[in-house]
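Visitor: I would like to go through this model and ask what stands behind the terms used for it.

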Amino acid sequence: MAARKSPVFTTATTFGRLLSFLGVSVLCGVLTAGLFVPMAAGAGSAASASITFFDGLPADLERATLATPTRIVAADDSLIATLYEENRQPVTFDQISPHMVDALLSVEDYRYYEHGGVDVQGIFGAIASNVSNGTSRGASTITQQFVTNVLINSANERGEEATYSGSKGVSDKVREIRLAIAVENEMTKDEILEGYFNIVPFTGNTYGVQAASKYFFNKDAIDLNIQESALLAGLVNGPGYYDPQVYPERAIERRNLVLGTMLEHGKIDQAQYDAAVATGLDLTITPTKQGCVAAEQAPYFCSYVEHLVLNSEEFGATAAERRSVLYRSGLTIKTTLDPAVQEAAQTAVNETANPDTTAGQVGHSMISLQPGTGNILSMAQNTRFTPGENPGDSMLNFNVDQYQDGDPEKSLGGIGGFQPGSTFKPFTVAAWVDAGKSLNTQLDGRKKTYPQGDRWTASCLDGGAFPIGEPEGWTPQNYGDTNYGDATVLHGLAQSLNTITFSTARQLDLCRIMEIAEDMGIHDGKSDSGEKEPLDIKPSALIGGVQDVSPMVMAQAFAGFAAEGNVCEPRALLEVTAANGKTYDVPEPECEQVISKETARGVNYATQEVMKSGSGSLLNYGYQPMAGKTGTNDSRSQTWFIGYNSGMATASWIGNWKAGTESLSGLEIGGRIYPEIDGSLIAAPSWAKFMQQAGDLYPGEAFANPPGNLLMNPNPSPSPSESEEADKDKEKDKPKPSATPAPRPTTAPAPKPEPEPTTEEPSEPAASPPAAGPVPGPENPEAPEASVP
């Protein structure tokens, strides 16, 4: 049984009201006396003590930046998203309906234009009303309420706990009065009202009369009629209690009370009152979309930008300061995003792997960078940017690293990348031409086993080599266990022959190959050591079989090839300006020449051949010149196509993002189930769809040819191989080796049939025809055999 309250201490009794009267009178005496303290400077010790107390209070009101929404916009100033803690749309006094001003003053402070910030007559009137009627009528003026809201806003901006009306002590009230007087000495009445109308909360996170008018009635504040003004004026007394969506009856009752005060004080006549109270609420709820989940375009790019600001000390020394700047200071963040490129990318991604017709674990992303600047032109993804748990929902960004610069304190919201497969092979070609070797050098591409202990030159490792560790040795394979023949370096890249890649690397230093990749920007997308960690140095890395690399980083590297070795850091921000005019420094294009132009031209020559005779030859992308490379990891769970010219580099990825080693085969993708998948089957045609729409936006110039020595035919026959070394009788029948250094001979036995390589040694799958044409496999037994990518 609940304890009974003593009637002596409740205002429901006459004696209780008397006690309340005495208590409030004491408070009123303190407050009233406080108003005259400054005029009693020489009146004795008590007055002096009071003056000392006021000396501890600020003479002027500390005014923090009024919290306003941040806008993230594209390069053409089109809106990407609005971010805020408080939805506020500041307006000037002349942009507010006179009915709204009359309604507010009638119910909150009808003597507003007569007092100097504190209404002593109103204080005594409130006391009398509360004692005689048992009400809880307040006596704060509009100026005092303005002061209170400014103090709350300042506390919120600093991340401190604010003091609200219900929790104010005597000292808080005295401070409020002193500040109200100071405000009245600094600002005109209309300026104070303007500030009040822009700062006061109306419902939820909707602040200010303009945002409230838009939210409840979908109109500007200047257009509010009498009853709409009365409704909003009534809300400021209790935004939650009088919320018209939740408590419509309370809202109407409160609105009509405001209308009554307007009639009482002559702001409306009887006819206007009668017409207004006869109306319903007539709401037109129009929420302002907020956050990247409600982005107008490119939600994952929006999230990336959001993380960049929250990670940068340019926007504040602490995480709390940066959040306040981002969500409260009304930033305009202009970005590099090109809406036309973004639309083309998102359309291609949706048409290829729409989440409604695609298995939930299948992800598809596409990102484009501009060579020479690093500007991010687009960032598309097939999942819905929502925290939901339905298939196709994901807040993870497939395009970017997990952490910025490998710092676990700086999340980018990314998944951290995927195994790049054969899109990594151009780095081996880069090391080959960097060493002055010809792309038309013919190498032995026969299947061979590298025995345990076989040493691959790696000058940066202990002992200067990487030894094969598997007891049974290591036997890399081509797709379909075929195409084991002599081929040039150029043909080997165009057809994505693993055996040619390894024959190429045998004549090089593994450390040099991986050094070039690192210089081009390649690193582990899941780095969390505080720096960008390079990939492991081992033969399987040459065909992308080690750590995960993000699509953004792959696009960055290929953009570096397009810019003839000039590699630029990916860049998303063009300029950032706050509502108060403050500007923030953002990174300028940060580019570095990391390989020679001749080396980059050699790679571009080779990757163009991919588009002419390799896995890109059947793509209908409608634009020349173009270079590219397909990629597929060993388990066929991650597939790629990276296409580029001198104007734009684009990485198209499609893979299993939830289970990185589970094959895509047998999963529904865009309403279709594929028996076998590689980079040329889906990722490449999706890129081609994109290029059909976006190719003309960033046209490329013809790639410059590499020096003649990189294209000469130095040796029409292959160099001796390890397998030939085992058969001395055959060696005498072969042409003499050229001046090109031959692989180190071994005593390895002739190769035997070996099991499929593991994920650590991924093999490149065959290229299948793009969207048009039959796909080989059980569903199409008559289809021609696919060419090798």
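Helix packing, sheet and loops

Guide: The axes of helix 3 and helix 9 (residues 226–235) come within 8 Å of each other and cross at roughly 45°. This is a predicted model, in which local features need pLDDT of at least 70 and side-chain atom pairs count only at pLDDT 80 or more, while totals for chains, interfaces and linings use all residues. Residues are numbered from 1 along each chain as its sequence is written, and side-chain values use heavy atoms, with hydrogens and water left out.

Visitor: Why are helix 3 and helix 9 called oblique to each other?

Guide: Angles under 35 degrees count as roughly parallel, over 145 as roughly antiparallel, 65 to 115 as roughly perpendicular and the rest as oblique. The axes of helix 3 and helix 9 cross at roughly 45°, so the two helices are oblique to each other. The angle is taken between N-to-C directions, from 0 to 180 degrees, with axes fitted to C-alpha atoms over the stretch in contact.

Visitor: What makes the contact between helix 3 and helix 9?

Guide: Contact means heavy atoms within 4.5 Å. Helix 3 contributes His 99, Met 100, Ala 103, Leu 104 and Val 107, and helix 9 contributes Ile 226, Ser 229, Ala 230, Leu 232 and Ala 233. By class, eight of these residues are nonpolar, two polar and none charged. Ala, Val, Leu, Ile, Met, Phe, Trp, Tyr, Cys and Pro count as nonpolar, Asp, Glu, Lys and Arg as charged, and the others, Gly among them, as polar.

Visitor: How do you know whether helix 3 and helix 10 are parallel or perpendicular?

Guide: Helix 3 (residues 98–108) and helix 10 (residues 248–264) have axes that come within 8 Å and cross at roughly 90°. The two helices are therefore roughly perpendicular to each other. On the helix 3 side the contact includes His 99, Asp 102 and Glu 108, and on the helix 10 side it includes Arg 254 and Met 262. The residues of this contact divide into five nonpolar, three polar and three charged.

Visitor: What makes strand 8 and strand 17 (627–632) edge strands?

Guide: The open sheet has five strands in the order 8-7-19-18-17, with antiparallel pairing. Strand 8 and strand 17 each pair on one side only. Two strands pair if DSSP finds at least two bridges between them. Eight bridges join strand 7 (residues 362–369) to strand 19 (residues 649–656), and Ile 367 stands opposite Ala 651 in strand 19.

Visitor: Is Asp 405 buried, partly exposed or exposed, and how do you know?

Guide: Asp 405 has a relative accessible area of 41%, so it counts as partly exposed. This residue is found in the loop between strand 8 (376–381) and helix 15 (425–434).

Visitor: Where is Asp 481 found?

Guide: Asp 481 is in the loop between strand 11 (465–467) and strand 12 (487–488). At 37% relative accessibility, Asp 481 counts as partly exposed. Phi of Asp 481 is near 55°, a positive value in a residue other than glycine.

Key: Helices (H or I, at least four residues) and strands (E, at least two) are DSSP runs, numbered from the N terminus. Buried means under 20% relative accessible area, exposed over 50%, partly exposed in between (1.4 Å probe, protein chains only).
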